[in-house]
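Subject: Structure handover

Hello,

Here is the structure for your files. My notes on what was found in it follow below.

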Amino acid sequence: MVAPADAIVPPSPPDTSTDSADLARFGYQPVLHRKLGRYASFAAGFSFVSILTTIFQFFGFGYAFGGAAFFWTWPIVFAGQFLVALNFAELAARYPISGCIYQWSRRLAGEVVGWFAGWMMIIAQVVTAAAAAIALQVVLPSIWSGFQLIGTDTALTSHDGASNAVLLGSILLVVTTVINVVGIDWMARINSLGVTIEIIGVCAVIAVFFTHTDRGPSVVTQTDQAAPGAYWAAFLASGLMAAYVMVGFDSAGELSEETKNPRHVAPRTILSALAVSALGGGLILLGALMAAPSLTDGSLASGGLAYVIEAKLTTVPGKIVLACVACAITVCTLAIQTAGSRLLFSMARDGRLPFAKQLSTVHPRFGTPVWPAVVIGVLGIGLLLLNLGNGAVFATLASVCIVMLYLAYLLVTVPLLIRRIKGWPADIAGDAAGTKLFALGRYGIAINGLAVVWGIAMAVNLAWPRAAVYTPAGGGWWMLWAAPLFVLLTVAVGVLVHRIVTPARGLLTEPAAQIA
């Protein structure tokens, strides 16, 4: 029977056989379900960055150090991270493989460097997932007092607040683990819906701030509320806020094996996720500084964005905005855990982790690597429980995970720069259809070199043992040196694990065909 001319014919599903054949060129069989489109890929990166989550967490921190002029750390960090993202976009076009940081570094610098890039990224993602999950404490008790299940003091720095944050964060990690287990389609739907709500929330917050201003944009030149001492030192410390926000844009690359046409989609969504986040976050920062009822009474440093929203909105609209923030925190934690599970899967598939067989197994029905998702969730909860009731854990977790992420990124950008100097890429890369892929061309060495300098400078700045960051309420020397000590511990444990998983016949090396 021939359908009438005006009949609505459902579109045929896109052909992903070319993507599968492309993956096979790298020596991998397609076992993950390729269901992500352009918006879902963008949502993965945007939700990892999650400006509502992280700016709500750390606005007060940045303002307490740098005063209103800390705003300028935002465009500076964006410029530096965009240099990194440009390099990642080029690699995503050439190597559309899950576990991108590990896979890119491995193909550029060999198995050992690649393994440690992946190892550091795994640890960073576990810590980041825990740090994101505890952000629920910032908003849920403000929406309804019933969310304060432990004690009465909701402040993150209090014993009650810290304990309740650990409980809420653990519950959230259980929920995101279940979502990650049941399938990429469910994860994508929930994540895309959450990102849509977050974008609406960002627009609403910006609109409220810019329609309720108490001062002009020149506020961003004020430094009188900065921490005592040389302003340059306070400014560098305040940059922790922006540095913590603008990471994770590489998540689109982590999900390449579940993305349709990843060679073209992933590079664009890596760049767009960071750019959109930077634009929205910059407007939120500027609007909050212009709309804050006071810059001098200490409320902006202690209450952050929640203080400005509560001052400018009545109860119901304010709670709606806070609900949008709660959604953002949820999808942020979900995206981090998803990216981490794909990295675990990718390394296990190569036999580079203990229990590799279990970690590389994909559930036949759900099409997801179940055990990696469970491992990320359990480790995240365990990390929270180790710090139960410790109010200083939040700044410490944030600082440590940022340093680890920057180091993992450097283990990609440094080898890439060395390869560029030696002549990489030697060809103009294209896909199977001959369409040109994203490339930096003649600007590659300059952009890559600046990205490396930026990464080193930020890693040193973030790990610097500042008492005001790591021990604001006092503490032992080990807390002051938490970031470098954690890095050393990660490397030491990594050496042991690498020796266990490395075959006795010697280190594996990459075939020349895969390094092209």
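**Helix pair H8 and H16**

Helix H8 (residues 159-182) and helix H16 (residues 370-386) have axes that come within 9 Å and cross at roughly 180°. Helices here are DSSP runs of H or I with at least four residues, numbered from the N terminus; axes are lines fitted to C-alpha atoms over the stretch in contact, with angles from 0 to 180 degrees between N-to-C directions. H8 and H16 are therefore roughly antiparallel to each other (angles over 145 degrees count as such).

In the contact (heavy atoms within 4.5 Å), residues of H8 including Val166, Leu173 and Val181 meet residues of H16, among them Val370, Gly377 and Leu385. The contact residues divide into ten nonpolar, six polar and no charged, with Gly counted as polar.

The model is predicted: local features need pLDDT of at least 70 and side-chain atom pairs pLDDT 80 or more, while totals for chains, interfaces and linings use all residues. Residues are numbered from 1 along each chain as its sequence is written, and side-chain values use heavy atoms, without hydrogens and water.

**Salt bridges**

The whole structure holds seven salt bridges (a side-chain nitrogen of Lys or Arg within 4 Å of a carboxyl oxygen of Asp or Glu). One of them joins the side chains of aspartate 350 and arginine 106, at 3.1 Å, N to O. Aspartate 350 lies in the loop between helix H14 (315-349) and helix H15 (356-359) and arginine 106 in helix H5 (residues 100-109), so this pair ties together parts 244 residues apart in sequence.

Regards

Methods
Helix = DSSP H or I, 4+ residues; strand = E, 2+ residues; numbered from the N terminus. Parallel < 35°, antiparallel > 145°, perpendicular 65-115°, else oblique.
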